[in-house]
Amino acid sequence: MRLGVLRFRQTILLIGDAVCFVVGLLLTLVIRYGWPLQEEALAVHKLPFSILFVIWLAAFYVAGLYNLRFTKNKRDFFALLLIAFGINAGIAAMFFYFLPFLAIAPKTVLFLDLSITLILLLIWRTFFNVSVKLPPLKLAILGSGAEVDELIEDLKRHPQQGYQCVLHMASTQNTDELAKLLQEKNVDVVVVAVDYRKSPELQKNLFSCISMHIRFFDFVDFYERYFQKIPLAVIDRAWFLENLNEPGKQFFSGLKRTSDIILAILLGIVGIILSPFIICAIWIDLGRPIFYSQKRISKFGKQFDILKF
């Protein structure tokens with residue numbers, strides 16, 4: 001049983017990216033200062049670049065580059081990778097040239113490092129997407145419906161997600177053989193798409209499988225975890241009352257608000273640096289006007305205007 005297979009793949013991706021960052025820096029220092037590598041040069045660059053690499057990994061995570069649905073050698077994936085890396089380049093420029101307490105301003109080193117690291121990342125990600133094969137978690141789904149069919153079909157199309165549907169019981173009227181079937185299929189995860197609370201027999205048969213170290217998911221929870229969205233069939237007024245209860249979420253809302261402001265400031269500085277280039281590109285490609293205004297509706301129904309490229 002490999003319950004951690006999905007996280008394990010994501011960990012491999014993260015470690016591989018980190019190795020690319022480190023190797024890129026080492027190669028850069030060798031090219032810049034010669035071989036053997038000078039200890040003084042390594043010591044000066046080690047701390048600031050280590051901090052920068054952590055920020056880069058966080059930016060990759062925010063961009064969705066550790067979402068295994070996108071780990072495919074297709075145009076959309078590499079476009080996302082290049083955009084995220086471009087943002088990281090802007091963060092690096094801001095990091096070294098706008099923070100006065102840093103003792104270095106490595107213009108040549110930074111340019112070489114960005115170039116070499118990008119090449120290493122493209123090679124690593126391409127290799128990972130086609131070569132890394134990990135045993136999928138064997139999945140059993142109990143129940144039926146349009147969302148169940150959607151999930152099963154998507155599991156077939158995206159085996160890199162780490163799941164393989166080996167058993168689908170559309171009807172749960174008779175589940176006496178459930179434990180036997182799960183054991184024969186070596187099932188790791190059971191997704192229950194019916195209300196087992198209303199079926200004492202199903203409850204009993206599911207409970208008998210606990211000793212098999214199988215992980216159980218409610219269908220809505222698994223669907224949200226897999227697709228990163230809520231199934232439309234469960235969204236009604238009651239759902240909004242339960243999930244948008246403001247008083248119960250003040251702490252998390254405040255924490256999220258703080259992180260949003262910090263991230264907005266950092267990306268805003270990067271945006272200011274990149275804006276002249278974006279404006280020139282739009283002017284050359286599409287002409288004027290460069291900016292346009294659109295109306296938006298806020299969370300509480302208030303209308304406002306937003307200025308966009």
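Me: Before anything else, what counts as a salt bridge here?
Reply: A salt bridge is a side-chain nitrogen of Lys or Arg within 4 Å of a carboxyl oxygen of Asp or Glu. The model is a predicted one.

Me: OK, how many salt bridges does the structure hold?
Reply: It holds three.

Me: Start with Asp 17. Which side chain does Asp 17 meet in a salt bridge?
Reply: That of Arg 125, with 2.8 Å from N to O.

Me: Is Asp 17 buried or exposed?
Reply: Asp 17 is buried, at a relative accessible area of 0%. Arg 125 is buried too, with a value of 0%.

Me: Next, what does Arg 157 pair with?
Reply: Arg 157 forms a salt bridge with Asp 154, and their closest N and O atoms are 3.1 Å apart.

Me: How many residues apart are they in the helix?
Reply: Three, both in helix H5 (residues 146-157), so about one helical turn separates Arg 157 from Asp 154. Asp 154 is buried, with a relative accessible area of 3%.

Me: And Arg 197, what is its partner?
Reply: Asp 195, with the closest N and O atoms 3.7 Å apart.

Me: Is Arg 197 buried or exposed?
Reply: Arg 197 counts as exposed, at 60% relative accessibility. Asp 195 is partly exposed, with a relative accessible area of 38%.

Me: Change of topic: helices. At what angle do H3 and H4 pack?
Reply: Helix H3 (residues 75-97) and helix H4 (residues 107-131) pack at about 155°, and their axes are 11 Å apart.

Me: Parallel or antiparallel, then?
Reply: Roughly antiparallel. Angles over 145 degrees count that way.

Me: Is the crossing left-handed or right-handed?
Reply: The crossing of H3 and H4 is right-handed.

Me: Which residues make the contact?
Reply: On H3 they include Phe 77, Phe 78, Leu 81, Phe 85 and Ala 89. On H4 they include Leu 110, Leu 114, Thr 117, Leu 121 and Asn 129. Arg 125 is also among the H4 residues in this contact, and Arg 125 is the salt-bridge partner of Asp 17.

Key:
Residues numbered from 1 in each chain as written. Predicted model: local features only at pLDDT ≥ 70, side-chain atom pairs only at ≥ 80, totals over all residues. Heavy atoms only, no water. Axes fitted to C-alpha atoms, helices over the stretch in contact; angles between N-to-C directions. Helix = DSSP H or I, 4+ residues; strand = E, 2+ residues; numbered from the N terminus. Parallel < 35°, antiparallel > 145°, perpendicular 65-115°, else oblique. Left-handed = near helix turned anticlockwise from the far one by under 90°. Contact = heavy atoms within 4.5 Å. Buried < 20%, exposed > 50% of the residue type's maximum accessible area, 1.4 Å probe, protein only.
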